[in-house]
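Here's a quick tour of a protein model. Have the sequence and the 3D view handy, and follow along piece by piece.

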Amino acid sequence: MSHPEKAADISVQQSSKSSRGCFKKIALAVGLCVAVGTTLVVQHSKAYGIMARIHHGLIVCTPGTGLVTTPVSTSSPHDGVPSMLRLELANGPDGRVMVEPGSNELEGVLASAHHSNTLLMLDINSASADNVVKLVRKTRMRDRVILVPSDHKDTETVLHADSKIMVAIPVNSERDAYAAHKLAGHHPYAAYLSPSATPHLFALTHRDAEAIITDNPGAPKGSTSEFLAERPVDIMITQQPTQLADTTANKS
């Protein structure tokens with residue numbers, strides 16, 4: 001017959017082990033829930049990122065202002081609704097970055113864009129490149145923004161300030177294409193080409209750049225389709241997105 005005290009000790013030990021086992025299972029379950037939740041948040045964010053949109057078709061970008069917010073499509077463009085807005089930035093009072101024309105602060109515009117899953121192309125102009133990058137990071141828009149530096153110095157500033165934000169680098173020749181790739185290094189960048197550039201330059205640049213940006217050649221509908229068929233274009237800037245609606249709907 002076992003001793004009563006020993007039996008009690010064994011019972012306590014078993015109960016303690018059982019409790020620890022339960023705590024471990026609970027901790028594991030909570031950890032799995034957090035991991036799954038984090039994965040879903042990341043996947044949701046990436047689903048609305050620039051590269052995800054490019055995968056689904058041509059991104060139509062149209063100029064916006066600090067006064068009027070143009071409706072933006074959260075998927076492929078349709079009925080002339082653009083997928084991205086291009087905004088002009090400037091230094092405001094007290095060092096704040098503003099969207100021109102108007103009186104809206106960039107931080108508020110970025111927060112609104114994040115909420116509505118809107119892509120933005122931001123011309124830095126005279127604004128502080130460092131401040132722009134900080135606001136993009138703060139509003140969690142790193143994968144939904146393309147920054148257009150005003151000069152080589154701003155380009156280097158942005159490239160060194162953040163490793164994720166896409167930067168637009170102008171390319172006007174093969175030499176520019178190689179220089180842009182070397183300057184960017186492992187940093188994601190978009191090559192900004194003139195619509196008058198040759199198909200060969202478009203193809204050459206597309207091998208290294210994450211995205212190719214160009215302006216609408218302003219050609220008739222049929223000619224625009226031919227233009228896109230001969231050139232790898234990911235983002236087209238246009239004042240009249242309606243004219244590109246059918247073209248972008250048919251782009252694979």
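Two strands count as paired if DSSP finds at least two bridges between them. Keep that in mind for the strands below. What you're looking at is a predicted model, and its average pLDDT is 79.

**How confident is the prediction?**
- A pLDDT of at least 70 is reached by 69% of the residues.
- Residues 32–45 are a stretch to treat separately: their pLDDT is below 50. Leaving aside near neighbours in sequence, this stretch makes three contacts in the model.

- Strand β2 covers residues 84–91 and strand β3 covers residues 97–100; they pair antiparallel, with four bridges.
- Look for Asn91 here: Val97 in β3 is sitting opposite.
- β2 and β3 make a hairpin with five residues between them, and Asp94 in the turn has a positive phi of about 60 degrees.
- Next comes strand β4 (residues 104–105), which runs antiparallel to β3 and is joined to β3 by two bridges.
- In that pairing, Met98 is opposite Glu105 in β4.
- β3 and β4 form a hairpin too, with three residues between the strands, and Gly102 has a positive phi near 125 degrees.

**Helices α4 and α5**
- Helix α4 (residues 129–138) packs against helix α5 (residues 152–161) at about 35 degrees, and their axes are 9 Å apart.
- The two helices cross in a right-handed way.
- Which residues of α4 and α5 meet? From α4 you get Ala129, Asp130, Val133 and Arg137, and from α5 there are Asp154, Thr157, Val158 and Ala161.
- Sorted by type, the residues of this contact are four nonpolar, three charged and one polar.

Methods
Residues numbered from 1 in each chain as written. Predicted model: local features only at pLDDT ≥ 70, side-chain atom pairs only at ≥ 80, totals over all residues. Heavy atoms only, no water. pLDDT = per-residue confidence, 0-100. Contact = heavy atoms within 4.5 Å. Axes fitted to C-alpha atoms, helices over the stretch in contact; angles between N-to-C directions. Left-handed = near helix turned anticlockwise from the far one by under 90°. Nonpolar A, V, L, I, M, F, W, Y, C, P; charged D, E, K, R; others polar.
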